[in-house]
Amino acid sequence: MTQSLRDMAVAVLNTADGREKTALSRRYAATWFAARKAGAPLPIGRGTPPDRPARPARPELLDPRDVPRRRPGSSQGRIAILHAIAHIELNAVDLHWDLIARFHDVDMPLGFFDDWVKAADEESKHFNLICDCLEAMGSHYGDMPAHAGMWRAAEDTAGDILGRLAVVPMVLEARGLDVTPGMIKIFQQAREEATVAALEVIYAEEVGHVAYGSKWFNFLCGRQGLDPQPVFLDLVRRYFHSPLKPPFNEEKRAQAGLPPDFYWPLTEPA
Ligand SMILES: [Fe+2]
Ligand SMILES: [Fe+2]
């Protein structure tokens with residue numbers, strides 16, 4: 001029997017090792033798109049995603065307050081920044097497959113699955129690119145502690161697809177657009193060209209992920225006759241527990257379909 005897309009998503013979520021997880025993720029994405037191209041899409045199916053994805057024994061996961069501060073001026077500091085990015089990318093792989101697997105009750109067009117399979121494939125590439133940079137600097141993913149609690153947004157929105165789209169792509173990934181240019185500058189100043197190139201790939205592709213979030217958030221609101229902007233503000237206040245931090249990358253946010261009235265009102269506690 002053909003493996004369904006949701007079976008594939010669950011298999012990725014249940015794979016612990018980072019490189020194995022991303023290899024499986026990329027292979028499944030290729031399978032999905034080959035079937036789409038052949039005009040014979042895979043069944044979506046009904047997988048049951050785990051509450052928490054499998055993760056490697058290392059890195060050790062610490063409360064964000066206990067993760068040591070990173071000083072970009074030293075090569076150790078830059079390794080720590082890359083380690084934190086690798087951790088975010090691995091989490092993003094799981095977040096996108098979880099979005100594909102979890103919301104059975106909401107009927108979505110095939111284009112929804114195309115977008116999130118593509119996003120999951122890109123996150124897998126990002127994780128691998130950053131791991132390559134770390135290894136070239138004599139380190140590797142797992143070498144230092146990482147933030148616990150990255151899965152919190154997924155748990156909080158496990159029963160609410162609109163909340164998930166609001167918080168994950170449209171808040172967390174949009175935040176990536178705000179901070180990535182500063183990271184690129186740090187590695188440019190250190191003349192670490194391979195890392196600059198990897199971060200530029202990530203920066204370009206993340207615009208697409210925010211855009212997918214905005215597209216499908218608007219789609220679902222439209223289907224229910226809801227006004228997207230007040231619904232969005234309400235969901236972010238419910239599920240995301242702190243105010244958003246300016247400065248914002250208004251240009252890239254606009255490119256991703258995120259207008260200013262979707263973030264400026266959230267810079268202050270409600
Ligand atoms: Fe990414
Ligand atoms: Fe992303």
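**View 1. Arg 191 sits in the loop between helix 6 and helix 7.** In this predicted model, the backbone angle phi of Arg 191 is near 55 degrees. That is a positive value, and Arg 191 is a residue other than glycine. Is Arg 191 buried or exposed? Arg 191 has 8 C-beta neighbours inside 10 Å, so it counts as exposed.

**View 2. A cis peptide bond links Arg 58 to Pro 59.** Look for Pro 59 in the loop between helix 2 and strand 1, which covers residues 61-62. The omega angle of the bond from Arg 58 is near 10 degrees. Pro 59 counts as buried because 23 C-beta neighbours lie inside 10 Å. Which residues does Pro 59 touch, leaving out those up to four places away in sequence? They are His 87, Gly 142, Met 144, Pro 145 and Ala 146.

**View 3. Pro 246 and Pro 247 are joined by a cis peptide bond.** Omega is about 5 degrees for this bond. To find the spot, follow the loop between helix 8 and helix 9 (250-255), where Pro 247 lies.

**View 4. Helix 2 packs with helix 4 at an angle of about 145 degrees.** Helix 2 runs over residues 18-37 and helix 4 over residues 110-136, and their axes are 9 Å apart. The crossing of the two helices is left-handed. On the helix 2 side, the contact is made by Gly 18, Thr 22, Ser 25, Arg 26, Ala 29, Trp 32 and Arg 36. Helix 4 brings Asp 114, Val 117, Ala 120, Asp 121, Ser 124, Phe 127, Asn 128 and Cys 131. How many nonpolar, polar and charged residues take part in the contact of helix 2 with helix 4? There are six nonpolar, five polar and four charged residues.

**View 5. The largest nonpolar core has 66 residues.** Six residues have the most contacts inside this core: Ala 9, Ala 86, Ile 100, Trp 116, Ile 130 and Ala 166. Not counting residues up to four places away in sequence, Ala 86 touches Phe 127, Ile 130, Cys 131, Leu 134 and Tyr 141.

**View 6. Stepping back, the protein chain has nine helices and two strands.** Along the sequence, they follow the pattern α-α-β-α-α-β-α-α-α-α-α. Why can we call the chain as compact as a globular protein of its length? Its radius of gyration is 18 Å, close to the 18 Å that the globule rule gives for 270 residues, so the chain is as compact as a globular protein of that length. The C-alpha trace spans about 50 × 50 × 30 Å along its principal axes. Of the 270 residues, 42% are buried. Among contacts with a separation of 6 or more, 80% are between residues 24 or more positions apart.

Key. Residues are numbered from 1 along each chain as its sequence is written. Chains are lettered from A and ligands numbered from 1 in the order in which they are written. This is a predicted model: local features need pLDDT of at least 70, side-chain atom pairs count only at pLDDT 80 or more; totals for chains, interfaces and linings use all residues. Axes are lines fitted to C-alpha atoms, for helices over the stretch in contact, and angles run from 0 to 180 degrees between N-to-C directions. Helices (H or I, at least four residues) and strands (E, at least two) are DSSP runs, numbered from the N terminus. A crossing is left-handed if the near helix is turned anticlockwise from the far one by less than a right angle, and right-handed if clockwise. Two residues are in contact if their C-beta atoms, placed from the backbone, lie within 7 Å. Ala, Val, Leu, Ile, Met, Phe, Trp, Tyr, Cys and Pro count as nonpolar, Asp, Glu, Lys and Arg as charged, and the others, Gly among them, as polar. A nonpolar core is a set of buried Ala, Val, Leu, Ile, Met, Phe, Trp, Tyr and Cys residues joined through C-beta atoms within 7 Å. A residue is buried if 20 or more other C-beta atoms lie within 10 Å of its own, exposed if 12 or fewer, and partly exposed in between; C-beta atoms are placed from the backbone. The radius of gyration is taken over C-alpha atoms; the globule rule is 2.2 Å times the number of residues to the power 0.38.
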